[in-house]
Amino acid sequence: MDFNSSSGGGSDLHNNQHQLQTDESKPLLGEVSASGPPDGNKMGASLYRRALLHCNGMRYKLLQEGDIQVCVIRHPRTFLSKVLSSKYLRRWEAHHLTLTDKSLASATPIGYMENAISYSAIEDVQLLSWENAPKYCLQLTIPGGTVLLQAANSYLRDQWFHSLQWKKKIYKYRKVLSNPSRWEVVLKEIRTLVDMALSSPLQDDSIHQAPLEIISKLLSENTNLSTLEHENIIEAIAPLLENNHPPPDLCEFFCKHCRERPRSMVVIEVFTPVVQRILKHNMDFGKCPRLRLFTQEYILALNELNGGMEVVKKFIQSMHGPTGQCPHPRVLPNLVAVCLAAIYSCYEEFINSRDNSPSLKEIRNGCQQQCERKPNLPLRLMRTSPALGSQEVTSPVETRIKIVNSSEIHVDLERNNVANQKLKGPVGGSESEPSLIDCLLVSPACSTMSIELSPQADRVLVCYVEILKMLSDYDDWRPALASLLQPIPFPKEALAHEKFTKELKYVIKRFAEDPRQEVHSCLLSVRAGKDGWFQLYSPGGVACDDDGELFASMVHILMGSCYKTKKFLLSLAENKLGPCMLLALRGSQTMVEILCLMLEYNIIENNDTQLQIISTLESTEVGKRMYEQLCDRQRELKELQRKGGPTRLTLPSKSTDADLARLLSSGSFGNLENLSLAFTNVTSACAEQLIKLPSLKQLNLWSTQFGDAGLRLLSEHLTTLQVLNLCETPVTDAGLHALSSMKSLCSLNMNSTKLSADTYEDLKAKLPNLKEVDVRYTEAW
C-alpha cells in the first residue's frame with residue numbers, strides 16, 4: 001500500500017481527528033443526538049440513519065461467536081484516513097472469533113489475532129460505509145492501529161457491530177460498578193445501564209440478565225445501604241424485572257427488603273408483577289430456591305399490611321383470574337410449593353433436634369416416613385396405663401416436645417398378622433391380641449405432639465395454611481391440589497401438631513365433599529403400606545379430633561363412587577373395623593350401612609366378630625331396622641336358592657336397568673345360569689342386580705351400554721362366570737383388565753371394543769381356561 005500518497009491527506013486527517021473527538025464525547029449508551037449527525041461527517045450520518053432504522057424495529061441476536069474476515073493495520077493515526085481511502089488493502093485472514101466477557105479472541109490464535117483484543121483497548125467501534133470503503137466492514141480503533149472486520153452481508157455486519165458495542169459497554173459497567181465511590185453516581189450509572197438494556201436492538205435473554213447480575217453483585221458486596229438507597233435501586237431496575245426473573249443474590253436483597261419494610265410501597269408496586277411472573281412461568285423452584293424464598297417473603301409482607309389475609313386473598317384471586325378456569329397451569333403447583341416450604345420451615349427447629357430426623361431424600365420426596373429406628377409398641381400394650389403410650393425424648397427441647405409414634409397409638413390391623421387372623425379365625429393361647437372392642441378404648445387424644453411455635457413461626461403457619469384453604473375453594477384447582485397433597489408432603493411434627501391438623505381439616509373436608517372421583521380418591525394412600533388422609537383423620541389417627549365425623553363423611557363419598565366396593569370393604573374390615581363399629585354404636589347411619597354390607601357380602605368370616613357387629617347394629621334404632629331388612633333379604637336369597645327357578649332368561653330388547661331389577665325381584669332365579677341382555681338399554685348400573693345371581697355361568701351383553709364400572713364389579717363377584725359376550729359395548733382396557741380375575745372364563749367375545757393388543761396378551765396369560773376368543777375389529781385383531 002502507498003502510505004505516502006498525498007491525495008486528500010489534509011482533509012482526511014481533519015475528518016479523522018474530528019471523528020475521534022466526536023466518539024470520545026459520546027455517552028456510554030451511544031445515543032445519537034436528537035439534533036442529528038455531526039456536520040460534515042459521513043460516518044456519523046450513516047450511524048445516525050442506522051440508529052433510526054433500529055428504532056423502527058430491527059432486532060438482532062447477541063453474537064457469542066462467529067466466522068469473519070479480519071485485517072489489522074498498524075499505523076500512526078495521522079495516516080488512517082489515507083489507508084482507508086486507498087483502493088487496495090492488506091491481506092485478509094479468516095478467523096472464528098469469540099466474544100468473551102473481557103475480550104475478542106480467536107479460536108486459532110495466529111496471525112492478526114495471535115493475541116486477544118481486550119474490550120478496554122477498543123477505543124471505538126464504527127461502521128465503514130463510504131464509497132471506497134471495503135464492503136460490509138467494521139472498524140475497531142485500538143492504540144496504534146485499526147482492526148477491520150468484514151462480514152458476509154449487511155445484517156451480519158450490523159449484528160457484529162451491536163454485539164461488540166454491547167460487550168464493550170457491559171464490560172465497562174462491570175468495572176465502574178465494581179468500585180463505587182458515591183452512591184449518587186452509582187444510582188445514575190444503574191439507571192443508564194437499565195436504559196441501555198431496554199433500548200438495545202439486541203434481543204437475547206442475557207441482555208436483561210447481565211445488568212441484573214451486575215447490580216446483584218454490587219448489592220451483595222455492599223450490605224450497609226440505607227433504606228432509601230434500597231428503594232431507589234429497586235425502582236431503577238424495575239423495568240428489567242418485567243420479563244426476567246431476578247438472580248439469586250438479588251432475590252436475597254428483595255427478601256431483606258420484604259422483612260425489614262413490609263409496608264413499603266415498593267412491595268406492592270414493584271414486587272407484585274415480579275412475583276406474579278415467577279408464579280406463572282417458573283418451572284422448577286429446585287433450580288432456584290431463592291425465587292421460592294422471595295415469593296414466600298413477599299406473601300408474608302402482604303400479610304403484614306392493614307388488610308392482612310384479605311390482601312393475600314385478593315392476590316390469590318388475581319393469580320387465578322376472574323374466570324372459572326385459571327389460564328396459567330403453573331400457578332397452583334408453584335403456590336403449593338411455596339406453602340409446603342413455608343410450613344416446613346415452621347417446624348425446622350424440631351425436625352433438626354429429634355434423633356430420628358428424616359433424611360434429605362425423605363424431606364425432598366415430601367412423604368411421611370414411618371419411624372424405623374424405634375421398635376413398634378405391641379398392640380397388647382394399648383390396654384396398659386397411658387404412660388406406656390408415649391416416650392419422652394431426650395433432647396435440648398424436651399421440656400416442650402413429647403414425641404408419640406403414630407404407629408404406637410394407631411390401630412393398624414393390616415400390619416399386624418395376629419390381628420388379621422382374628423378376622424379369619426380364632427387365635428389360640430392366653431396371650432392373644434385384644435379384641436376389637438378393647439382396641440376402641442385407645443384414646444386418640446394421646447396421638448398429638450406438644451409443640452410450641454415461636455410467634456413468628458405461628459404467624460407463618462397460619463398464613464400459609466389459610467392459603468391452602470383458599471386454593472381448595474377453587475373448583476378447577478381442587479383436583480390438582482388433592483393430587484399434590486395426596487402423598488402427605490408434611491413433616492411428622494406438623495401432622496402431630498394439633499393446631500396444624502385442625503386448620504388443615506378444612507382442606508380435607510373440601511376433598512371429601514367433592515363429588516369428583518379424581519378429587520376424593522386422593523384421600524386414600526398413594527400406595528399400599530402408606531398412610532393417607534383417610535387413615536390420619538380416622539378415629540385413632542394422629543389428626544382425628546372430631547369423634548370420626550370427617551371419617552364417616554370420607555367413607556360415605558368413597559363408597560358412593562368406589563367401583564371396587566368389595567375390596568374397599570375388605571380394607572375397612574382389616575384396618576378400620578374398630579372405628580366403624582364405634583361410630584355405628586354412636587348412631588352413624590353411614591357406618592351402620594357399612595357393617596350391613598360387610599355381613600351381606602360375607603366380608604367377616606369369624607363368628608365372634610360377626611356377633612360383635614350384630615350386637616353393635618342392634619344397639620341403635622337405625623341399626624336394628626337396617627339389620628332386620630338385611631335378614632329379610634338374606635332369607636329371600638336362601639329361599640330363591642332352595643326353590644330354584646329358570647336356568648335361562650332373555651330380556652326383551654330396549655329393556656332398562658329398572659326393568660331388569662323389577663324382573664329379578666319378582667321371582668326365584670337361584671338356578672339361573674344363562675342370561676341374555678343383548679340389544680337392551682341396560683348400563684353398568686345393572687351390575688348391582690347381576691351379582692346377586694350366584695349360579696350365573698353365561699352372560700350376553702351384546703350391543704348394550706354396559707361399561708368399565710360394571711365390568712369391574714362383575715369381575716369381583718361373578719368369579720364362576722364361564723361365557724361372556726361384550727361385543728359392541730363401550731368397554732375399554734381400564735375395565736377389561738379386571739377380567740383377569742375371572743379364572744373360569746372359557747369363552748370371551750370382545751369384538752368391536754376398544755381392546756388393545758397389550759391387554760389382550762395380558763388376558764391370555766392370566767386366563768388359563770380361555771379357549772374361545774373373538775377380537776375382530778379391535779387393535780388386537
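Ala301 lies in helix H10. The model is predicted, with pLDDT of at least 70 needed for local features and 80 or more for side-chain atom pairs, while totals for chains, interfaces and linings use all residues. Residues are numbered from 1 along each chain as its sequence is written, and side-chain values use heavy atoms, without hydrogens and water.

**Exercise 1.** State whether Ala301 is buried or exposed, and list what Ala301 touches.

*Solution.* Buried means under 20% relative accessible area, exposed over 50%, partly exposed in between (1.4 Å probe, protein chains only). Ala301 has a relative accessible area of 1%, so Ala301 is buried. Contact means heavy atoms within 4.5 Å. Leaving out residues up to four places away in sequence, Ala301 touches Cys258, Pro262 and Val267.

**Exercise 2.** Classify the crossing of H10 and H12.

*Solution.* The axes of H10 (residues 289-303) and H12 (residues 331-346) come within 10 Å and cross at roughly 80°. Angles of 65 to 115 degrees count as roughly perpendicular, and H10 and H12 are therefore roughly perpendicular to each other. H10 contributes Arg292, Thr295, Gln296 and Ile299 to the contact, and H12 contributes Ala337, Val338, Ala341, Ala342 and Ser345.

**Exercise 3.** Compare the span of H6 with the expected value.

*Solution.* The expected span is 1.5 Å times one less than the number of residues. H6 (residues 205-221) has 17 residues and reaches 24 Å from first to last C-alpha, close to the expected 24 Å.

Technical notes:
Axes are lines fitted to C-alpha atoms, for helices over the stretch in contact, and angles run from 0 to 180 degrees between N-to-C directions. Helices (H or I, at least four residues) and strands (E, at least two) are DSSP runs, numbered from the N terminus. Angles under 35 degrees count as roughly parallel, over 145 as roughly antiparallel, 65 to 115 as roughly perpendicular and the rest as oblique.
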